[in-house]
Structures are given as structure tokens and as C-alpha cells.
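Reader: I would like to learn how to read a few features of a model. Could you take me through them in turn?

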Amino acid sequence: MAVRFLIIGGGPAGNTAATHAARLGADVTIVEREIIGGAAHLWDCIPSKTMIATGGAMAFGRRSSGMGLEEMRPEVDVEALTDRIEDIKDHLSQSTTNLLRSQGVRLIAGSARFMSAHSVSVTTSDNGVEVIEFDAVLIATGSRPRIPQWVTPDGERILTTRDCYPPKVFPSSVCIIGSGVTGVEFVHMFQSFGAKVSLVVSRQQVLPGKDPEVAAVLEDDFLRRGVSLLKGARAQSISREGDEVVVKCDDGRQVRSSHAVLTIGSVPNSDGLDLDAAGVHMDGGGYIPINHHCVTNVEHIYAAGDVSGKLPLSSVASMQGRKVAEHVMGLHTRDHRHLDYDKAASAIFTEPEIADVGLAEAEAFAHGRKIRVTKVPFSATPKALINNDARGFVKIISDPATGEVLGGSIVGRHAAELISVIALAVTANLRVTDIVESLLVHPALAEALAEAAE
Ligand SMILES: Cc1cc2nc3c(=O)[nH]c(=O)nc-3n(C[C@H](O)[C@H](O)[C@H](O)COP(=O)(O)OP(=O)(O)OC[C@H]3O[C@@H](n4cnc5c(N)ncnc54)[C@H](O)[C@@H]3O)c2cc1C
């Protein structure tokens with residue numbers, strides 16, 4: 001009899017595990033309470049990047065005079081943008097649903113909670129109740145925005161990221177609280193649409209933990225665009241005064257704007273699952289600890305994606321889902337590569353884009369590791385000049401003894417695409433000469449990679 005594999009949550013972790021396990025011969029069921037595609041499709045990756053793409057097109061229009069064109073001054077059509085976001089979301093969710101159905105995966109619309117280590121109870125969307133028994137189960141329930149006790153979002157002017165796609169009106173001015181990846185993307189997004197933006201940065205650098213040189217490029221760009229940075233400040237209260245929102249910080253500074261957006265991290269969706277009934281442990285933050293096969297403390301119960309407390313990235317969630325499917329079907333004993341979270345590429349969709357992978361320069365210094373760092377600015381790359389955008393650089397970190405590529409960062413146009421080359425080199429243990437000796441296209445931004453690898 002086929003393995004009965006149940007998946008709770010149809011986001012990137014859940015739906016990738018489902019398609020892969022079904023392909024390998026499992027009898028797969030997914031329970032999803034909102035939308036196949038998960039928060040990634042509904043609120044996070046897809047809507048935010050769709051809005052950023054429109055903002056980018058507007059910014060490109062404003063820069064067009066440098067390309068031998070008359071300057072364009074595009075205006076945003078909120079209704080058309082909303083339709084576009086909905087169309088893309090629907091298209092992606094529908095194509096994932098079709099793929100799952102074509103592979104024989106059973107989809108149940110509803111909310112699941114554990115009854116025991118081998119069964120869940122599902123409250124279906126039509127208020128029915130169904131009990132499902134399984135041989136293996138994957139908890140892939142994702143996360144939601146963290147809301148601290150000192151603020152109550154109203155969905156109108158005091159917003160979480162989930163209220164922004166797009167807001168009913170575009171803010172004329174907005175204060176973003178939190179300067180991690182999501183925070184800086186929101187700064188970029190709203191500024192591109194013409195809002196006056198302030199950013200509350202609790203440390204002395206935006207993107208804490210990132211390469212300071214990379215963060216500095218972004219800060220310079222924000223300052224040039226008139227963004228006000230409140231460094232070393234922590235928001236303490238957010239209140240409404242008529243049509244204004246007032247953000248008060250612990251150092252006495254205040255920001256008045258038409259809207260405020262909280263981007264201060266997320267909390268896992270592990271509450272409401274009755275994990276105790278299955279004997280599954282959580283850590284103090286509600287995340288579900290896993291081993292390198294994504295197995296929880298219970299042998300046949302897996303967790304993947306944001307709820308597992310590893311890197312909160314859609315790409316990582318999908319890869320975990322894939323690995324879970326292989327483990328459930330017993331493939332991990334053959335030709336199997338563990339997921340190495342240190343080798344995950346990530347990108348920040350600001351302007352310029354920022355992307356990195358593998359070992360960071362600061363991390364190598366902190367561990368006293370000898371490295372070779374080579375850096376090439378895009379201003380030396382013909383395609384960057386042709387594109388009228390020569391901002392940024394490529395940095396490659398390699399082992400001075402063997403030439404092995406250990407990591408890299410890219411700041412500049414299409415950084416999120418270009419980082420794939422370095423990510424492949426890092427995963428496949430390639431050497432810098434492998435990049436140098438690749439016959440690349442000319443003129444192309446990728447030529448900067450070969451230069452940096454030289
Ligand atoms: C604003 C923003 C932008 C982002 N942009 C990017 C990006 O560009 N690139 C990137 O890689 N990552 C991005 N991320 C992160 C990415 O969205 C998450 O890492 C990813 O969605 C995690 O996938 P997941 O499968 O764990 O969970 P989710 O996508 O959250 O899916 C979990 C699903 O489980 C369902 N569920 C929960 N509980 C139950 C239950 N009891 N029963 C049934 N169903 C349940 C939920 O409805 C949900 O659909 C972004 C995050 C944010 C906040």
C-alpha cells in the first residue's frame with residue numbers, strides 16, 4: 001500500500017513536498033485553509049515583488065532621459081495595479097492547484113489540528129469535520145507578521161505588511177518600523193510611488209547582519225531619494241491623531257505621517273495545531289525544531305518552511321519540502337545531499353538590488369578564516385553603461401589556497417538573477433577559474449562576475 005502522506009499548509013514547503021512525493025508514489029493529501037501557494041502567493045513574495053516591479057518601471061521612466069529619450073513621468077493607476085496583483089496571484093495559485101490535481105494529490109480546503117500522532121481533525125471550509133489518518137505528516141503552516149503589544153494595527157493607517165497590497169490609498173507619507181529585508185523593500189516600494197518615507201532603524205546600520213559595505217550603498221541611495229533614517233531608535237508607540245499617524249521612539253524622536261507599516265519580523269503558525277496531542281515539541285518562540293532531514297522530535301512528523309525556524313525564505317521552504325518528500329519515500333539513503341542553509345542565496349529587491357550567497361567577508365574575518373576577496377564595480381562593465389545604470393559591484397570570496405568559491409555578494413541591476421552563478425559555484429564547489437573560463441555572453445552584466453573571479 002502507498003505511504004499515506006498528509007501535508008498541513010499549501011505554501012512553498014507544502015506544495016513542493018506534495019508534488020515531489022506524489023511523483024515518487026505517495027498517496028498525498030494537502031489541507032490548506034486559505035489558498036494553495038500560501039502566504040508567499042497571497043501576501044508576501046508575489047504581491048510585494050509585483051508592486052516593486054511597477055515602482056521600478058516608474059523609476060526607470062524617470063531616468064529615461066539618460067537613454068536618449070524624453071523624460072517620462074508615469075502615474076500609477078491603483079485599480080489597474082490591484083487587478084494586476086490579483087491576476088498574477090490567481091494565475092500562480094491556479095497553476096499550482098492544477099499541477100497538484102494532475103498528480104492525484106487530494107486537496108482539502110480547511111483547517112487542521114492534531115488528534116494524535118497519527119491523525120488530524122479538519123474543519124472544512126463548509127463547516128464539516130473530517131478525520132484524516134496518515135503514516136507521515138508534514139507541518140508546513142508558515143508564519144504571520146509579528147505585532148508587538150504596544151501597537152494595534154487598524155488596517156487603515158497603522159498597517160502590517162498584509163494590509164499593503166495595495167493600500168486603499170497610496171500613502172503620501174509613511175513611516176516604516178524595522179529595517180530588515182522586508183522593511184527596506186517597503187521603503188523602496190513606497191518611495192518609488194512618490195511617498196515621503198521615514199525608516200526607524202533600531203541599530204546604526206540598515207540590514208543588520210549584512211555586509212556593511214552593501215548596507216552603505218543602500219543607505220546612500222535612500223538618503224539621495226530623501227528617505228529619512230532614524231538610526232539607533234526603537235519605536236515605542238504608534239497612535240492616530242486625526243488623519244495622521246504618530247510614531248514615538250524611545251529616544252524622544254517622533255515621526256508624523258499619513259501611514260505607518262510594521263516590518264518587525266514574524267511569528268510561526270504553530271498555535272491552534274494541538275501539537276501536544278501528537279507529542280511534537282516547540283521552542284520558546286513557537287517554532288518547531290527539526291533535524292537535517294526536517295524530522296521533528298517525533299519520527300514520522302516533519303516540519304518545513306517558516307514554522308521550522310530556519311531561513312524564512314520561500315526558496316528554502318520549497319527545498320525543505322523536496323527533501324522531506326525524499327525522506328518520507330526512503331530516498332535519503334541513496335545519493336542524497338543534505339540541505340545546507342549556509343549556501344542559500346537571498347536577494348533584497350531594492351534599487352539597486354542586493355543579493356548574496358555563502359560565506360560573507362565579515363563572517364570570515366570573525367572566524368579568522370583566510371579568504372581572497374575580489375571586487376569589480378559595474379561601472380567597468382559595458383552592459384551596465386549601455387543600461388544607463390552603472391551602480392553597484394560584484395564581490396567574490398574564495399579560498400586563496402584552492403580557488404574554491406566560498407561566497408559572494410552583488411549590488412546592482414539584476415543582482416537577484418546574477419547571484420545564481422555564484423550560488424551554483426558555491427553549491428557545486430567550483431573554483432574561480434571555472435567562472436573565468438566560462439564563455440559568457442558579451443555584452444552582459446555577467447561579465448562582471450568573470451572579472452571578479454579573475
Ligand atoms: C513581505 C514579505 C515578502 C517576502 N518576499 C520574499 C521573497 O521575495 N522571496 C523569498 O524567498 N521569500 C520571501 N518572503 C518569505 C516567504 O514568504 C516565506 O518564507 C514563505 O512564504 C514560507 O513558506 P511556507 O511554506 O513555510 O509558508 P506559507 O507560504 O506561509 O504557507 C503556509 C500555509 O499554511 C496554511 N495553514 C496554516 N495553518 C494551517 C492549518 N492549521 N490548517 C491548514 N492550513 C494551514 C496557511 O494558510 C498558508 O497558506 C517574504 C516574506 C514577507 C513577509
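Reader: Where is the place of proline 443?

Author: The place of proline 443 is the loop between α12 (432-436) and α13 (447-453). Helices here are DSSP runs of H or I with at least four residues, strands are runs of E with at least two, and both are numbered from the N terminus. This is a predicted model, in which local features need pLDDT of at least 70 and side-chain atom pairs count only at pLDDT 80 or more, while totals for chains, interfaces and linings use all residues. Residues are numbered from 1 along each chain as its sequence is written.

Reader: What kind of peptide bond joins histidine 442 and proline 443?

Author: Most residues other than glycine have a negative phi, and most peptide bonds are trans. The bond joining histidine 442 and proline 443 is cis, with omega about -10°. The bond from glutamate 351 to proline 352 is also cis, and its omega is near 5°. Proline 352 sits in the loop between β18 (346-348) and β19 (354-358). As for phi, aspartate 274 has a positive value near 55°. Aspartate 274 belongs to the loop between β16 (266-268) and α7 (275-278).

Reader: At what angle do α3 and α5 pack?

Author: Two packed helices are described by the angle between their axes and the distance between the axes. Helix α3 (residues 45-63) and helix α5 (residues 181-192) pack at about 45°, with axes 8 Å apart. Axes are lines fitted to C-alpha atoms, for helices over the stretch in contact, and angles run from 0 to 180 degrees between N-to-C directions. α3 and α5 are therefore oblique to each other; angles under 35 degrees count as roughly parallel, over 145 as roughly antiparallel, 65 to 115 as roughly perpendicular and the rest as oblique. Their crossing is left-handed, meaning that the near helix is turned anticlockwise from the far one by less than a right angle; clockwise is right-handed.

Reader: Which residues of α3 and α5 meet?

Author: Ser48, Met51, Ile52, Gly55, Gly56, Met58 and Ala59 in α3 meet Glu185, His188, Met189 and Ser192 in α5. Contact requires C-beta atoms, placed from the backbone, within 7 Å. By class, the contact of α3 with α5 has five nonpolar, five polar and one charged residues. Ala, Val, Leu, Ile, Met, Phe, Trp, Tyr, Cys and Pro count as nonpolar, Asp, Glu, Lys and Arg as charged, and the others, Gly among them, as polar.

Reader: How do α1 and α4 cross?

Author: The axes of α1 and helix α4 (residues 78-102) come within 9 Å and cross at roughly 30°. That makes α1 roughly parallel to α4. The contact is made by Asn15, Ala18 and Thr19 of α1 and Thr96, Leu99 and Leu100 of α4. α1 also packs with α8, at about 35° and with axes 7 Å apart. The crossing of α1 and α8 is right-handed.

Reader: Which residues come nearest to the ligand?

Author: Of the 36 residues around the ligand, Gly9, Gly11, Gly38, Gly142 and Gly305 come nearest. A residue is near a molecule or strand if its C-beta atom, placed from the backbone, lies within 6 Å of it. Among the elements that each supply at least two residues of this shell are α1 (12-23), β2 (27-32) and α8 (314-328). By class, the shell has 13 nonpolar, 17 polar and six charged residues.

Technical notes
Contact = placed C-beta atoms within 7 Å.
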